Amino acid sequence: MSLELVHHVSTIYQFLLSKKIVDKKDPNLRFYFEDPEIQEGVKVMARNFGTAILEAYERVHLISMPAGSVFASSFTQLKNKYSKVETKLHFYTVSFILFVYFTEIDSVGHGSRSRGEWQMEGMTFAKIAERVSSVLEYWEKRLAGEPDFSQKWGINIEEVIENWDNKDLLKLDQERKVKSTRTQFGYIQTAMKMLEDDKLVKVVSDQNLSIVYPLDALYDRIEFMFLDHERYQLIKRLIQGEDGEYAEH
Amino acid sequence: MIQEEIWEGFGERMKMGIPMFLFGEGMNLGELQPYKYNILMAILIEVFLRELKDDERRTFEHLIEITQEIIDRFGLTAEPRNVERIVEGLLWSGKSELREPFSAPFFDPHTRGLKQYSFRYLKHDRESSNLSRNPNIVYKLSEEAQNIIFFTREAIEEFSIQIEQLYTLMLIKKGNFRSALNFMDVLLTKVKSLIQREREYRKDLQRNPKLLLNQDLKMQKDKEEEIRLQLEDEKQNFNKLNSNLFERTMNAREEDRIKISELEHKVRQAAKEHLTLVNEVYSNFAYELELRTKNISLLLKHKNVSFKEDIWEKHLLPDGISQPQVIDHLLSSFFSPVQDFMLPMEWIWQAQETRKDTGEEKQEVDEPIISSAYVRVVDWEEISDSWAPVFHELLDTSSASLTHVKLDGWSNLAVEMWMIFKNKPFTVPQHVPLNEKHEDQRVILMYHLFQKHNTLLDLQGKTIRTNIEKDLPDVWFGNGYISPLKLSILR
């Protein structure tokens, strides 16, 4: 491998690492798109650092891989913050909020609002809280009604549900933009701040009403996430209860 | 104070609005009540289209028939008496025998008084009534009723350009140039929005070629043919409009000439835009063809996996999370790697251990800190959370004023950091060492800030100075006063 190749590959990777989301037309990516060797090299480097290149329609993203990454991310920071047994439920709660949000704005499917509508109108924290509550309620009913539903869970979902139910939606005297585990809004703020830091959403506060607007980059990630067939299969196997390749850490 | 401009043209505005506000007023339709506006609107449009096509079947009896058909189409049932009520209520205000027009007061800024405005929705169409063999009165839409249709037209994309062209033609023939002008404006807007639609479709296709798969091939070809014919017709109509206008110029009155030449200008404009539309439509046809023939692989290769349908609805919602790794795998790739300091590996591990050893048992993030003379346990997280917005402002605007900060919620220690900054200027080191027992607490604060806020890394190497903002009062922070301090950096 020539020294020049190494130079280009690492320059491009460093660039992606600092910008995270880059327009495909950016001149810094010229060699990436023009030279297949360089492109392959960047992808290999990304993999070695436990990251991946995501090519969407108009942008290129650098994202983290689930295991073995040298780098932290908003997600790993969340995980580390709530890593003890007593605090894991906070991690799960924020994770569920993210799932619910992605599901809501995923514009595929009949009767769902289009991406344009979500980007114009946004979604209030209250709406997000409502959706999360309804999902947790659904699971709660099934836990009560189906004896073996509880077996399907590898995490303490009952604790998550109980914790959420016991929290106030918000505290009137609390600044809305505060991340906390005190209120439902506090959890939502944590989740949305993660997305905002990664430039995937924009959160606007207006008269104490917090509204989340999804950005194009988020749709890039939702749509392309599973385009890699291998990864999709792996996730499916994991979900269905078979052992994953990676150990939890 | 109300601005005087609101009264400009106020009378005209109200005259436009009143027919809409009174639409359907006063009718009591029993079971049909909730559907009143839908039925009335449908009747109006049907009558309008019959007018355009010179269809004289617009008598009271015909209106009843129309109404009944609409009700059937909605899947509703109605007493015959209620069907009659609808038509009567559309034609006249109050008791049907009296055949009164509708009326409401409006404010006329010229006379500064309230005047009465009267109008009807459906009027006696004298021309058609004379020509018709039917002895009964034939109705047509009043200008007010036409306005209602036109106001709501913008929402309808399927309303073809053709009808608008035909109507404009009709107006020109009748010498109603003012209305024709209004019409042309809307026509122009319509053409432009259709152009926009084609362009967005093109973008959607580029993003997701699979959209083509949804369309049946034969159906699409038929549709294409239909559209080509339609576009040709529309082109012809513009020519008709032009020639009509030309004729009219000959016999026109002085005051109409200006309107006519304005009309000619607008028709030319609209025809030009229409050509653009034709180009866009045809190039989209070509692109679709290209996709189908050359890039068939694009259409077939990837099965579009949707998070919502394939992951959430199929698996997570019904089956729950079977193991914690599922969460990792699903969420981690949504986030980008965060570039930490370039620190040797052992130092990273050391940091982890150090944190675990402090033995902080924090249940909730905002539990109060037990302050004591000997600060052994400092909640740096809480302090850095409080300080983060200050530093963001500092980075964005080169200064951060204490007076901009809401100090309730800040712990005493966090507040005290302001005074520590005041002590002497602080240069943010390029590489922040991890030793939490560093003497300068500001370094520790920066270390914690950088863990969570990568954008703040831009502060590295900058020197932060702190001054007191003169002429501003002291700031109360819940436990005492603090001088109005301001941080600043030199760019």
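This is a predicted model: local features need pLDDT of at least 70, side-chain atom pairs count only at pLDDT 80 or more; totals for chains, interfaces and linings use all residues.
1. Surface of chain B. Chain B exposes about 28,200 Å². Carbon and sulfur atoms supply 51% of that area.

2. Make-up of chain B. The chain has 491 residues, of which 43% count as buried. Its secondary structure consists of 17 helices and 11 strands. Among contacts in chain B with a separation of 6 or more, 65% are accounted for by residues 24 or more positions apart.

3. Make-up of chain A. Chain A holds 249 residues, and buried residues make up 48% of them. Its secondary structure comes to 11 helices and seven strands. For contacts with a separation of 6 or more, residues 24 or more positions apart account for 53% in chain A.

4. Surroundings of A:Leu17. This residue is found in helix H1 of chain A, which covers residues 3-19. Leaving aside residues up to four places away in sequence, A:Leu17 touches A:Leu62 and A:Phe71 in chain A, together with B:Pro337 and B:Gln339 in chain B. The contacts of A:Leu17 therefore involve residues of both chains, and A:Leu17 counts as buried because its relative accessibility is 2%, under the 20% limit.

5. Spacing between A:Leu17 and A:Ala46. These two residues lie 29 residues apart along the chain. Their C-alpha atoms are separated by 9.4 Å.

6. Negative patch on chain A. Five acidic residues, A:Glu137, A:Glu140, A:Glu159, A:Glu162 and A:Asp165, form a negative surface patch. Helix H7 (125-145) and helix H8 (157-166) of chain A each supply at least two residues of this patch. The largest share, three residues, comes from H8 of chain A.

Conventions: Residues are numbered from 1 along each chain as its sequence is written. Chains are lettered from A and ligands numbered from 1 in the order in which they are written. Side-chain values use heavy atoms; hydrogens and water are left out. Patches are made of residues with over 30% relative accessible area and no salt bridge: like charges are joined within 9 Å, nonpolar side chains (Val, Leu, Ile, Met, Phe, Trp, Tyr) within 5 Å. Accessible areas come from the Shrake-Rupley method with a 1.4 Å probe; for residues, only the protein chains shown count as cover. A salt bridge is a side-chain nitrogen of Lys or Arg within 4 Å of a carboxyl oxygen of Asp or Glu. Lys and Arg count as positive and Asp and Glu as negative; His and the chain ends are not counted. The place of a charge is taken as NZ of Lys, CZ of Arg, CG of Asp or CD of Glu. Helices (H or I, at least four residues) and strands (E, at least two) are DSSP runs, numbered from the N terminus. Buried means under 20% relative accessible area, exposed over 50%, partly exposed in between (1.4 Å probe, protein chains only). Contact means heavy atoms within 4.5 Å.
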